[in-house]
Amino acid sequence: VTPKASPSYSATAGLPFDDEELESRLVWIWGSPRSGSTWLLEMLCHPFRMDPEADLGFRRPPRWDGDALTLPVNEFQIAAHLAPGVYGDSAGHSTIEDEDGAVLPRTLNRVIGYFPSYAFSSTYADVWRPEARRLTLVRLYAVIEQAKAAGLRIREDVPLLVIKEVNGSHGADLVMSLFPRSRMIFLVRDGRDVLDSLLDANKAGGWLTKRGWGQAGFDTAAERREFIEQSSRHWTARMNVCSRAFDAHDPSRRTRVRYEDLLADTAARLGELERWLGLPSGPRRMQSIAVQHSFAAVPEGGRGSGKLHRAASPGSWREGLEPAEQAAANEIMGDTLAQLGYEK
Amino acid sequence: MNLEPASTYSATAGLPFDDEELESKLVWIWGSPRTGSTWLLEMLCDPLEAKRDEPLGFSWPDRWRGPVPALAVDEFLISSHLAPHQGRVVDIFDAPFPATLNGLFQRRSSYAFSDEFADVWRPEARRLTLVRLHAVVERARRAGLDVPPGLPVLAIKEVNGSHAADLVMSLFPRSRMIFMLRDGRDVLDSLLDANSPGGWLTRTGLGKGGFETPEERLEFVRDTCRNWAARINVCSRAYEAHDPSLRKRIRYEDLLADPPPMLAELTDWLGLPSDDARIREIVNRHSFAEVPDHRKGVGKRRRAATPGQWRESLTSQERELTDEIMGERLAELGYER
């Protein structure tokens with residue numbers, strides 16, 4: 001080997017930023033899809049609105065020239081890369097049970113982590129972990145650079161980067177362990193409402209179906225039942241992993257938010273979060289943000305059955321699920337629901 | 001933001017090796033599982049034997065003191081991390097390709113591996129991979145193996161990550177590519193056996209555990225054929241884009257029919273010792289006949305080493321289906337339909 005100028009290895013050499021400082025400015029939103037995570041992301045990053053087609057991934061209001069204190073990163077999906085599914089499974093869409101019977105996502109890392117020659121093996125964790133952290137930080141730093149290049153006013157210190165990663169929650173424990181200085185928001189919602197929302201999105205004409213990602217409805221009761229059982233297991237597995245990540249994280253850098261509480265008094269709960277994050281949290285600002293992002297503010301054509309914004313009504317699973325379906329969901333989710341403070 | 005003294009970004013700073021030199025020592029084996037890829041890996045890395053319960057992922061003979069010119073990396077699966085598979089195959093202009101997360105989200109700039117930020121994540125993904133592979137060399141040396149003072153060849157069996165061969169090879173243009181081909185119908189036949197109730201994949205917990213109905217088996221046949229075609233399409237794309245002097249396509253059937261000349265050609269190409277006596281010794285040691293009887297046969301990882309066995313195992317309906325899905329690709333690759 002021809003050693004280069006710097007013979008000793010460093011996973012943080014050549015970075016144009018302070019890696020620990022950047023890490024401390026990361027805020028991860030974990031939990032489950034269909035739990036109001038985009039709503040929360042947009043409120044924390046007000047006045048930006050998510051737009052997957054936009055160069056930055058979000059839009060700002062025309063002629064807006066305020067300070068960008070937070071930058072949103074919607075559907076970053078680094079977790080799906082760091083903890084992918086086994087070949088043949090979609091990342092995070094299959095489950096296994098550990099030796100204690102806990103339902104967990106069936107990730108490649110969990111299944112073959114003991115193979116030493118596997119890239120992300122536990123034997124080589126001291127090698128790949130610092131590099132996986134580095135890759136993630138470099139990629140996130142580029143968001144700040146791109147935002148600056150787009151003319152956004154960013155103060156000299158690093159803005160907060162709020163990363164919505166609910167669709168990567170199957171890897172929450174791994175990702176949070178790589179970034180102990182970052183902050184974790186564990187967004188929870190009654191899994192039965194999540195399920196009810198997913199059934200609506202996957203029906204014929206539902207928004208997931210329209211995007212080509214959904215089930216396009218269910219031909220038989222058995223098919224619907226299978227979807228209910230699978231979705232219940234996915235939710236349970238995600239919550240179990242997020243809970244593990246939450247328990248292992250620095251208590252001063254983690255917070256658990258219930259969607260139902262956020263919905264019931266948005267301004268107050270948002271104010272708590274913004275204070276925790278060191279962001280302006282005056283009551284008038286919180287009220288204004290809450291109103292602008294409320295369900296009532298969504299144009300009527302953009303909400304309702306089959307839409308991305310459906311009902312914002314906790315407990316609608318009681319009507320959306322048949323009694324037998326409720327029982328099936330409870331059987332799978334029950335213990336986890338109870339651990340998260342929901343009635344079984 | 002606090003800038004560090006060295007404010008110029010470098011994806012290769014702080015590496016204890018020459019990244020281009022290491023890259024040039026990588027040999028990727030792509031294609032499809034059940035194509036003799038472990039057999040080839042072990043012959044290239046003789047006297048190492050791929051073993052998943054050994055600290056380095058391979059073992060070597062007791063009291064071995066000879067040189068180890070090539071290290072084996074079995075089931076590295078970096079591809080599954082760089083391009084997570086989405087569990088299905090999609091048709092692009094009527095040709096099957098594996099659905100990956102990258103394909104789904106690449107146009108969304110906020111996605112970690114988006115096209116918009118490819119100049120950011122690609123050098124870092126390359127770096128991560130190189131650092132991880134260099135650690136194999138370091139640990140082999142630490143374990144007392146006589147690895148060349150420069151860098152050894154690193155042979156990486158990545159057939160189970162072939163769905164991302166194009167992405168991975170594009171990150172390592174100085175590396176070498178072996179595209180391992182086998183008749184897709186024999187691959188299918190082997191996978192049907194591995195997924196049977198007592199098959200080796202079933203026993204490892206990764207298999208189907210058999211098929212309850214003919215429809216279920218037919219569904220498996222369809223999926224496997226589409227997966228094979230999708231992988232081969234991606235590998236072909238990667239192969240076409242790679243430097244011709246750094247790529248080789250080999251057929252399992254040819255390697256099996258007369259291993260010494262093909263192995264000699266490969267080792268010579270890789271700069272490994274390729275004298276006749278050594279090649280003959282390696283071929284003999286790794287022949288199917290040398291596998292103990294109790295470790296080969298139906299349901300075992302080493303099953304038959306008999307090309308064309310699909311003709312006896314597949315039903316006529318299954319043969320029709322395989323021809324419908326794989327036929328054109330098989331013909332292009334030189335197999336009889």
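## A buried phenylalanine and its partner

F48(A) is buried, at a relative accessible area of 1%, where buried means under 20% relative accessible area, exposed over 50% and partly exposed in between, using a 1.4 Å probe and protein chains only. W64(A) counts as partly exposed, at 25% relative accessibility. This is a predicted model, in which local features need pLDDT of at least 70, side-chain atom pairs count only at pLDDT 80 or more, and totals for chains, interfaces and linings use all residues. Residues are numbered from 1 along each chain as its sequence is written, chains are lettered from A and ligands numbered from 1 in the order in which they are written, and side-chain values use heavy atoms, leaving out hydrogens and water.

Over all chains, the structure holds 19 aromatic pairs. Rings of Phe, Tyr and Trp (its six-membered ring) pair if their centres lie within 6.5 Å, with planes under 30 degrees apart counted as stacked, over 60 as edge-to-face and the rest as tilted. F48(A) and W64(A) form one that is edge-to-face, with 5.4 Å centre to centre and 80 degrees between the planes. F48(A) sits in the loop between α2 (37–44) and β2 (49–50) of chain A, and W64(A) in the loop between β3 (58–59) and β4 (70–74), so the pair ties together parts that are 16 residues apart in sequence. Helices (H or I, at least four residues) and strands (E, at least two) are DSSP runs, numbered from the N terminus.

In chain B, ring pairs link F105(B), Y111(B), F113(B) and W121(B) into a cluster.

R139(A) lies over the face of F117(B), at 3.7 Å from the ring centre, and K248(B) lies over the face of W269(B), at 5.2 Å. Here the NZ of Lys or CZ of Arg must be within 6 Å of the ring centre and within 35 degrees of the ring normal.

## Helix α2 in both chains

In chain B, helix α2 (residues 37–44) is mostly covered, with 7 of its 8 residues buried. Among them are W39(B), L40(B) and M43(B).

In chain A, we can look at what α2 touches. W39(A), L40(A), M43(A) and L44(A) in α2(A) meet T266(A), L270(A), L273(A) and E274(A) in α11(A), contact meaning heavy atoms within 4.5 Å.

## A loop residue in chain B

D243(B) is placed in the loop between α9 (214–241) and β9 (247–251) of chain B. At 35% relative accessibility, D243(B) counts as partly exposed.
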